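Work through the exercises below with the sequence and model in view. Try each task before reading its solution.

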Amino acid sequence: MKFMVKVLLLPLVLLSAFFALMLKWTLHLSAFILALPMLYIFGCGLYTLYCHEWTKFLILLVAEFGCFVLIFAGTAIVEAAEWFSGWLAGLGGANE
């Protein structure tokens, strides 16, 4: 019976593992792409601090925080997909 469950779950396990892998690669790529604008926003924030332009600094601070939230949310989604893939793989039972 466990063998039948494993055979029936195999396509779903493979699909979820592939989905988790693609999400991880996408997160890494987007983190590299998002790093340059974040560095630029940080530099502009330092300049606005130096010039005492507080409203512009607040706008840049919110933009920087938004970038961090995007990366954090992406990481949470990838971790959830990997957890689901592992949970689904463990549904078939241990290999005996």
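**Exercise 1: Overall shape**

Task: Compare the radius of gyration of the chain with that of a compact globule of 96 residues.

Solution: A compact globule of 96 residues would come near 12 Å, but the chain has 21 Å. The radius is taken over C-alpha atoms, and the globule rule is 2.2 Å times the number of residues to the power 0.38. Next, take the box along the principal axes: the C-alpha atoms fill roughly 70 × 15 × 15 Å.

This is a predicted model, where local features need pLDDT of at least 70, side-chain atom pairs count only at pLDDT 80 or more, and totals for chains, interfaces and linings use all residues. Residues are numbered from 1 along each chain as its sequence is written, and side-chain values use heavy atoms, leaving out hydrogens and water.

**Exercise 2: Folding pattern**

Task: How many helices and strands does the chain have?

Solution: Count 2 helices and 0 strands. These are DSSP runs, numbered from the N terminus: helices are H or I with at least four residues, strands E with at least two. Now turn to contacts (heavy atoms within 4.5 Å). Of those with a separation of 6 or more, 78% join residues 24 or more positions apart.

**Exercise 3: Cover**

Task: What share of the 96 residues is buried, and is Phe 42 buried, partly exposed or exposed?

Solution: Buried means under 20% relative accessible area, exposed over 50%, and partly exposed in between (1.4 Å probe, protein chains only). Buried residues make up 20% of the chain. Phe 42 lies in helix α1. Its relative accessible area is 48%, so Phe 42 is partly exposed.
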